[in-house]
Amino acid sequence: MADLHLLFVTLLLILVPFAAWTLIPYIKTLFPLVVLQIAWGVILGPSVFGTVSKHYFDEVWDNYTRESVAGISLYGILLFVLFTGLHLDKSLFFQKGTKKFWILGSVALVFP
């Protein structure tokens with residue numbers, strides 16, 4: 001039952017912003033998809049949904065669901081940072097004087 005609940009919440013988090021972004025024509029011109037996803041996360045989070053209805057918020061976001069969605073969201077953040085980094089000028093990373101960058105980046109991977 002908990003897995004079905006987690007599937008429902010995960011699909012709610014992923015599909016609603018994507019469906020709104022694709023089905024409502026003017027939203028694409030106003031917001032990128034990532035902005036809509038962040039806004040939807042704020043609406044479903046404790047800032048809005050938790051304030052409006054504490055009882056239903058606790059039913060939807062039980063401890064198992066919170067921990068699972070937090071783990072999934074970490075992978076989402078990693079992918080977002082990766083795709084954002086791919087838009088950078090890669091020649092900047094191989095210029096002179098970037099030795100400190102590589103050392104700091106390596107240390108940050110080992111000790112986040």
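Visitor: What share of the chain's residues is buried?
Guide: Buried means under 20% relative accessible area, exposed is over 50%, and partly exposed is in between, using a 1.4 Å probe and protein chains only. Here, 15% of the 112 residues in the chain are buried. Keep in mind that this is a predicted model: local features need pLDDT of at least 70, side-chain atom pairs count only at pLDDT 80 or more, and totals for chains, interfaces and linings use all residues. Residues are numbered from 1 along each chain as its sequence is written, and side-chain values use heavy atoms, with hydrogens and water left out.

Visitor: How many helices and strands does the chain have?
Guide: Both are DSSP runs numbered from the N terminus: helices are H or I with at least four residues, strands are E with at least two. This chain has seven helices and zero strands.

Visitor: Which residues of α6 are buried?
Guide: Thr65, Ser68 and Val69. Thr65 counts as buried because its relative accessibility is 0%. With contact meaning heavy atoms within 4.5 Å, Thr65 is in contact with His5, Leu6, Val9 and Val60, leaving aside neighbours within four places in sequence.

Visitor: Which residues form the largest nonpolar core?
Guide: In soluble globular proteins, nonpolar side chains tend to be buried together. A nonpolar core is a set of buried Ala, Val, Leu, Ile, Met, Phe, Trp, Tyr and Cys residues joined through side-chain atoms within 4.5 Å. The largest one has six: Leu6, Val9, Leu44, Phe57, Trp61 and Val69. Phe57 also touches other residues, including Gly45, Pro46 and Arg66.

Visitor: What volume does the largest pocket have, and what lines it?
Guide: On a 1 Å grid over the protein atoms alone, a pocket is an open set of points where a 1.4 Å probe fits, with protein on both sides within 12 Å along at least five of seven lines; lining residues have an atom within 4 Å of a point. Volume is the space filled by probe spheres set on the points, which are joined across faces, edges and corners. The largest pocket comes to about 890 Å³. Of its 25 lining residues, Leu13, Gln37, Ser73, Gly76 and Ile77 are the closest to its centre. The largest share of the lining, ten residues, comes from α6.
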